[in-house]
Amino acid sequence: MHTNDKIAPLKGVRVLELGNFIAAPTAGRMLADFGAEVIKVERPGTGDELRSWRLHPGSTTSMLFHTINRNKKSITLDLRTEEGRDAVRALAADCDVILENFRPGTIERWGIGPDVLTEINPSIVIGRISAFGQTGPLSSRPGFAAVAEAMGGFRNLVGDPDRAPVRVGVSIGDSIAGVYAAYGVMMALFQREQRRGAALEPAPLEERVIDVALNEAMFSMMESLIPDYQAHGVVRERVGGRMEGIAPTNAYVCADGKSVVIAGNADAIFVRFMGIIGRDDLAGDPGLATNNLRWERRDELDAAIGAWTATLPAEEVLDILDDAGVPSGPIYTAEDISESPQYAARDMIQKFDVADGDQTVEGVGFPGIVPVLGGASLPIRTLAPQLGQDTEAVLAAYAGHAQREQRDDNRTQLDDDSKVETR
């Protein structure tokens, strides 16, 4: 276990996490990383389904679950029973924040919706993540992040123009929604403290409900997609490894088969870059003097750059470009990141022995805490908890309940249409 008592800006904040999979648990992780006490509610028996995602031989709990649910406590409650809902209501009285990512209307049906929770705790902040938000004509529709990424405009821009859109290799929609939820929660907590300092009543409930839609979280990342279209009729298209309207910037294959990213698109850098690759003709071409002109001839430029990188190993290419002040970098694999002195210097890979089933895997690296405070990542306090390991202590301390036996596992399965996550 790693500990850090010196920097914990959210110490004293208590969060009840009702989320499953990735979105709400990502918000919970961000709050927990900086000192909040996050109590994760899981269904008895099976727990959060993420525990069994991407399991490898011999594993009982996925590294993905450990990554997203570090620094948390785990309790088991059957939210489809009155006993489980009573426990949530009792816990809410002692919590600052509730996080949930069920289909809209689910927690209302269970009798633990915002109206009920705010009666119990008039200053409570409620972070809600759903496919399309709590209002609007699509609000009741179930959806996963894959659908939200597509409907937010993101998926249409990923891949090559002559092929169908592709997906990035991580659950980007869920993760970004989780970041927005954590940000919204912090805004509401800040407002709460301001009002308390001014001796004001708690903010109205509608200001304490943080409503994050997966599709809107992705849409907010789309830069000027809509203004460009509505002002100029410009429809952005997939451009592979390039960036729309910027040249030259791309990934290029080197002599050793490795690829590097080079961004030589600023006017002065472009001239210097072309000189390095032996293309003074391009450096002095007035038809390439500005970025807009270079974009029109992007294929020609990429061919020239690719011809140069193909003659040298990646490390030599990067050394030459670094000496000349041309922005460039390697394309890291997991192995590269594991061995990177830059990540190590900022404690961005923190190692733990992971007890998993009948084995203990020693020295497993986990991504550090972002953003950095004090010059390096804060230490991860604990990996993900065992299922229900904190139930008795939490219920006794905060809800006044003794631990009770939960009902048969089959009764605890949440309705499939109540889930909102990536698959």
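**Entry 1: Glu82 and its partner**

I looked up Glu82 and found it partly exposed, because its relative accessible area is 42% (buried means under 20% relative accessible area, exposed over 50%, and partly exposed in between, with a 1.4 Å probe and protein chains only). Its side chain meets that of Arg89 in a salt bridge, at 2.4 Å from N to O (a side-chain nitrogen of Lys or Arg within 4 Å of a carboxyl oxygen of Asp or Glu). Arg89 counts as buried, at 17% relative accessibility.

A note on what I am reading: this is a predicted model, where local features need pLDDT of at least 70, side-chain atom pairs count only at pLDDT 80 or more, and totals for chains, interfaces and linings use all residues. Residues are numbered from 1 along each chain as its sequence is written, and side-chain values use heavy atoms, with hydrogens and water left out.

**Entry 2: the whole protein**

I stepped back for an overview. The protein has 18 helices and 11 strands (DSSP runs numbered from the N terminus, helices being H or I with at least four residues and strands E with at least two). Its C-alpha atoms fill a box of roughly 80 × 55 × 45 Å along the principal axes. Of the 423 residues, 47% are buried.

How many salt bridges does a search of the whole structure find? I noted 26. As a reminder to myself, side chains of opposite charge can pair when their charged atoms come close.

Lys40 and Asp48 form one of them, at 2.9 Å from N to O, and both residues are buried. I also saw that Lys40 and Asp48 belong to a network of salt bridges with Glu17 and Lys72.

Next I checked Arg236, which forms a salt bridge with Glu223, the closest N and O atoms being 3.7 Å apart. Arg236 sits in the loop between helix 10 and strand 7, and Glu223 in the loop between helix 9 (214-219) and helix 10, so the pair ties together parts that are 13 residues apart in sequence. Arg236 is buried at 15% relative accessibility, whereas Glu223 is exposed at 61%.

**Entry 3: rings**

I turned to aromatic pairs and found three in the structure (rings of Phe, Tyr and Trp, the last by its six-membered ring, with centres within 6.5 Å; planes under 30 degrees apart count as stacked, over 60 as edge-to-face and the rest as tilted). Phe21 and Trp53 make a tilted pair, with 5.0 Å from centre to centre and 50° between the planes. Phe21 is in the loop between strand 1 (14-17) and helix 1 (23-33), and Trp53 in the loop between strand 2 (37-42) and helix 2 (63-68), so their pairing ties together parts that are 32 residues apart in sequence. Both Phe21 and Trp53 are buried.

Are the rings of Phe102 and Trp110 stacked or edge-to-face? Their centres are 5.2 Å apart and their planes are at 75°, so this pair is edge-to-face. Phe102 is buried at 4% relative accessible area, and Trp110 is buried at 12%.

Most residues other than glycine have a negative phi, and most peptide bonds are trans. I went looking for exceptions. Phe21 is one, with a positive phi near 65°. Arg54 is another, with phi near 55°; Arg54 lies in the loop between strand 2 and helix 2 and is exposed at 52% relative accessibility.

Pro248 is in the loop between helix 10 (225-232) and strand 7 (249-253). The bond from Val370 to Pro371 is also cis, with omega near 5°, and Pro371 lies in the loop between strand 11 (359-367) and helix 18 (391-399).

**Entry 4: on the surface**

My last stop was a nonpolar surface patch formed by Tyr180, Tyr183, Met187 and Met221, with about 410 Å² of accessible area together. For patches, residues need over 30% relative accessible area and no salt bridge; like charges are joined within 9 Å, and nonpolar side chains (Val, Leu, Ile, Met, Phe, Trp, Tyr) within 5 Å. The areas come from the Shrake-Rupley method with a 1.4 Å probe, and for residues only the protein chains shown count as cover. Tyr183 belongs to helix 7 (residues 172-197) and is exposed, with a relative accessible area of 53%.
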